[in-house]
Structure formats: structure tokens, C-alpha cells
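Subject: Handover of a structure and the findings from it

Dear colleague,

Please find below the structure that I am passing on to you. I would be grateful if you could read the notes under it with the model open.

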Amino acid sequence: MSNLNSTSKKAVGRKTSGLDKVLRVALYTVLIIVAAFYLMPFIVMLITSLKDVEEIRTGTLLSLPASLHFDSWSKAWSSACTGSSCGGISPYFMNSFQIVLPAVAISTLVGAINGYVISLWKFRGSDFFFAAMLVGCFIPFQVILLPMAQTLGWLGIANTTTGLVFVHVVYGVAFTTLFFRNFYQSIPSELVKAARLDGAGFFTIFYRIILPVSTPIIVVTVIWQFTQIWNDFLFGVAFSGFDTQPVTVALNNLVNTSFGGKEYNVDMAAAIIAALPTLAVYVFAGKYFVRGLTAGAVKG
């Protein structure tokens, strides 16, 4: 009797194992198809950037290049015309970094302090203050164009990189505060009370206790802010000067420039170059994004 039971269990196990393999193959097949479909625009851009102009005109979108041409990449970087300037997108690429790095750092720090105060140092009206800040998350870009332009003029930083950093910090603080406040809600308030009893002050607690456990939400905030600011076009075109335009504005000018024949390979190469920083951020830090978003989902 025991031999029959063991034999039947082995048969069931083999059937289950076989079914699991079939389901796994089917799952990976579907994932590969979906990934290929999702990556198709990028593949077309990459293939086009490696062709010469004549091959683009006579071939199809998905036809592979007969030979690889990298001239379009060097031209997009250093000599393509973006409006009346023909210095490529490299200066504007650097402008974007000069805007993104300080704006991300400042908005992340301010959001961390705001979230720390609202969640762990509650004061009278803190909930109302947080609700008022949340309104900033739902204000469209277009609504603040005129008042922000007037403010930049009053401060004397209109058409400057500093002005664009200021704009992105002001607009981004509402989001960063929301992220940090929700994360810090999961930290027991007794931890802060105990530190206060031991004589630790506001910034000592923040620096020595709160920040060391904030790595997941800091990563989330940095990815969010970096992506939003790097990909921004409206603020860049509205508040930048000729020499302070971000790369998104330069890319638009390059695509719409009509000097000579249309060079689609240069346009595609420039678009890929402009997207590389955000692509790199997601490749190297993307796995921490969902982990950080869900880290404060459960309190206790």
C-alpha cells in the first residue's frame, strides 16, 4: 500500500513539475514579447542613428544598417545646429546637470526636514500645513508660469541657471515632503521621545537617528526629482536664457531646425544622448524605487 502511495506521489510530482516548466516558458515568452514591444521605439531610434541619410530614405524603419555610421553621434554632440547655434547639444547637456544636481539635492534635503517635522515633531496645525503643501502636488505647470516669472524678476535671477534651480526646488518640495512624511510615519515616535529625554536636539536626532534609516526613501526621491527635472521642457523654455537652456529645449530646437536637409540620424542620436542620464539612473537604482515606496506602507 505504501509503495502505491509513493508511486502516485512521484507521478503527481512529475506532472506538477512538467506543468510548472510549461507555465514558466509561457510566462517568459510573454514577457519577452512585451519587452520587445515596449523597447521598439528605442530600437528604431538606435538603428536609425547608426545609418547614413541616404540609407534612411531608401530603407525601412526596422531594416538594419548596411554598415555602422557613428558620425551622427559626434555631430549631435558637438556640431549640430540647435536654432542659430551650431555647437551641438553638449553645452546644454552640461546646463541640465548644473540645474539638476543642486535642485535635486536641495529639494530632497528640504523635503526630508519637512517630513521629519510634520511626522515626528507635530505642532498645532501641522496636519493643515501638510494638507496645504499637498495642494502643490496638483498645481499644473502652466498655472505658475506668470507668478514665477515675476518672482524671478524680483529676485534678479531670471534667465539664469540659478533661477531654474529655484523653480524646480519650489515646485518639487511638495512631492519630496509627501514622500518623506509618509516614510517617517512608519518610524516609532517613541524613538524620538527617548532621544529627546537623553538630551538630543532637533538636528542631532535628524542627523544621527532619522537620516541613517532614510536611504530607501532618499533613493526614491532622488530618482523622482532627477527624472522630473531632467525631462522638463516647459520650465526650461519659459525661464531659461539662450546660454542656460537645458538639453530638452536644445533637442527641440535641433529637431525643428531646417538648415539644409533633414538628418534623422542626428536627431535620433541626440535624443538617445539626452535620455542616457535618466536611463542610467533607472538601470542602477531602479530596484530601490519600489522598495522605497513600499517601505513606509506599514506603520509599526
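The notes below go from the whole chain to single residues.

This is a predicted model, in which local features need pLDDT of at least 70 and side-chain atom pairs count only at pLDDT 80 or more, while totals for chains, interfaces and linings use all residues. Residues are numbered from 1 along each chain as its sequence is written, and side-chain values use heavy atoms, with hydrogens and water left out.

**The chain as a whole**

The protein chain has 14 helices and zero strands; here helices (H or I, at least four residues) and strands (E, at least two) are DSSP runs, numbered from the N terminus. Its accessible surface comes to about 17,400 Å², and 69% of that belongs to carbon and sulfur atoms. Accessible areas come from the Shrake-Rupley method with a 1.4 Å probe, and for residues only the protein chains shown count as cover. Of the 300 residues, 37% are buried. Buried means under 20% relative accessible area, exposed means over 50%, and partly exposed lies in between (1.4 Å probe, protein chains only). Among the contacts with a separation of 6 or more, 71% are between residues 24 or more positions apart, where contact means heavy atoms within 4.5 Å.

A nonpolar surface patch of about 1,200 Å² includes Tyr-38, Leu-39, Phe-42, Leu-61, Leu-276 and Phe-284. Patches are made of residues with over 30% relative accessible area and no salt bridge; like charges are joined within 9 Å and nonpolar side chains (Val, Leu, Ile, Met, Phe, Trp, Tyr) within 5 Å. Helix H1 (2-49) and helix H13 (264-285) each supply at least two residues of the patch, and H1 gives the most, with six. Leu-276 belongs to helix H13; its relative accessibility is 39%, so Leu-276 counts as partly exposed.

**Helices H12 and H13**

Two packed helices are described by the angle between their axes and the distance between the axes. Helix H12 (residues 247-256) and H13 pack at an angle of about 175°, with their axes 10 Å apart. Axes are lines fitted to C-alpha atoms, for helices over the stretch in contact, and angles run from 0 to 180 degrees between N-to-C directions. H12 and H13 are therefore roughly antiparallel to each other, given that angles under 35 degrees count as roughly parallel, over 145 as roughly antiparallel, 65 to 115 as roughly perpendicular and the rest as oblique. On the H12 side, the contact is made by Val-247, Leu-251, Leu-254 and Val-255, and on the H13 side by Asp-267, Ala-270, Ala-271 and Ala-274.

**The salt bridge**

A search of the whole structure finds one salt bridge, defined as a side-chain nitrogen of Lys or Arg within 4 Å of a carboxyl oxygen of Asp or Glu. Glu-263 forms a salt bridge with Lys-75, and the closest N and O atoms are 2.6 Å apart. Glu-263 lies in the loop between H12 and H13 and Lys-75 in helix H3 (residues 71-78), so the pair ties together parts that are 188 residues apart in sequence. Glu-263 is partly exposed, at a relative accessible area of 28%, and Lys-75 is partly exposed, at 29%.

**Individual residues**

Thr-108 lies in helix H4 (residues 90-120) and is buried, with a relative accessible area of 9%. Not counting residues up to four places away in sequence, Thr-108 touches Thr-176, Phe-180, Ile-218, Thr-221 and Val-222.

Ser-186 sits in the loop between helix H7 (161-184) and helix H8 (189-197), and at 14% relative accessibility Ser-186 counts as buried. Ser-186 and Ser-119 are 67 residues apart in sequence and 9.2 Å apart in space, C-alpha to C-alpha.

Phe-233 is in the loop between helix H10 (215-230) and helix H11 (234-239), and is partly exposed, with a relative accessible area of 33%. Leaving aside neighbours within four places in sequence, Phe-233 is in contact with Thr-248, Val-249 and Asn-252.

Most residues other than glycine have a negative phi. Asn-159, in the loop between helix H6 (145-155) and H7, has a positive phi, near 60°.

With kind regards
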